[in-house]
Amino acid sequence: MSEKKTTNIILFSGDYDKAMAAYIIANGAAAYDHDVTIFHTFWGLNALRKDEQIPVQKGFVEKVFSKMMPRGADKMALSKMNFAGFGPKMIKGVIKKHNAMTLPQLVEMAQEQDIKLVACTMTMDLLGLQKEELLDGVEYAGVAAYLADAENGNVNLFI
Amino acid sequence: MNVDKLVDAKGLACPMPIVRTKKAMDGLSSGQILEVHATDKGAKNDLTAWAASGGHSLLKHEEEAGVLKFWIQKG
């Protein structure tokens, strides 16, 4: 086992702002030389979706889920003041103004910093998401893999 | 002071200043000095904590015309 400290974040939320917080902490922890894992489950999986439509075989309910959920980090909604999509437009303007990073940029930086992005396979099945629809380089695991990382972890967050 | 590398993080928001600082620090060897410029108001607390956690020493910091400057020696 490595002597590095570890940060383990569960991203459950599919909200743009909450995912931003998760990814800022993750990127900061990587700069702290931690081994960092973000375990994406339920709505948090949408942060890992590719933004283009991927042709895959799906049942009816899964198709409906796919249509109704945001396809990728850039399309996620705000947890507050979403105003039917106008809120995210405003916040992206403010992010640009303050030279902060957008969620897709934070996800890209997380990959550059070797942060382990994990997709929960059980919730992928529930929401009808398939590997082909998620970003390349994502790892697939379940609760045991998360616990193995977290039981010796130094920072554990559920967002 | 003999500065070995300069990180210009002016205008960048959290978490970029420490991400850039970490990257630059990785390229230095023990005892070398990194100079960091930032305008993010959280940078003072962030870099002080980051340096302490990584075993580096913050030799000096000052503020000049809104720019926070830090000199960190690699541990």
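**Helix packing and sheet order in a predicted model**

Helix H1 of chain A (residues 16–31) packs with helix H1 of chain B (residues 16–26) at an angle of about 25°, and their axes lie 9 Å apart. Axes are lines fitted to C-alpha atoms, for helices over the stretch in contact, and angles run from 0 to 180 degrees between N-to-C directions. Helices (H or I, at least four residues) and strands (E, at least two) are DSSP runs, numbered from the N terminus. The angle makes H1(A) roughly parallel to H1(B), a label for angles under 35 degrees. H1(A) passes H1(B) in a left-handed crossing: the near helix is turned anticlockwise from the far one by less than a right angle.

Which residues of H1(A) and H1(B) make the contact? H1(A) brings Asn27(A), Gly28(A), Ala30(A) and Ala31(A), while H1(B) brings Ile18(B), Val19(B) and Lys22(B). Contact means heavy atoms within 4.5 Å. By class, the contact has 4 nonpolar, 2 polar and 1 charged residues. Here Ala, Val, Leu, Ile, Met, Phe, Trp, Tyr, Cys and Pro are nonpolar, Asp, Glu, Lys and Arg are charged, and the others, Gly among them, are polar.

The model is predicted: local features need pLDDT of at least 70, and side-chain atom pairs pLDDT 80 or more, whereas totals for chains, interfaces and linings use all residues. Residues are numbered from 1 along each chain as its sequence is written, chains are lettered from A and ligands numbered from 1 in the order written, and side-chain values use heavy atoms, without hydrogens and water.

Now to the sheet of chain B. Its 4 strands form an open sheet in the order E1-E2-E4-E3, with mixed pairing. Two strands pair if DSSP finds at least two bridges between them. E1 (5–9) and E3 (57–64) of chain B stand at the edges with a single partner strand each, so one side of each has no neighbour in the sheet. From one strand to the next, the twist averages 15°. E1(B) pairs with E2(B) (residues 33–38) in the parallel sense over 5 bridges. Lys5(B) has Leu34(B) as its bridge partner in E2(B).

Two helices lie across these strands. H1(B) lies across E1, E2 and E4 (67–73) of chain B, at about 165° to E1(B). H2(B) (residues 43–54) lies across E2, E3 and E4 of chain B, at about 5° to E4(B).

Chain A comes to 6 helices and 5 strands. From the N terminus, its elements run β-α-β-α-α-α-β-α-β-α-β. Along its principal axes, the C-alpha trace of chain A spans about 45 × 40 × 25 Å.

Note on methods
Parallel < 35°, antiparallel > 145°, perpendicular 65-115°, else oblique.
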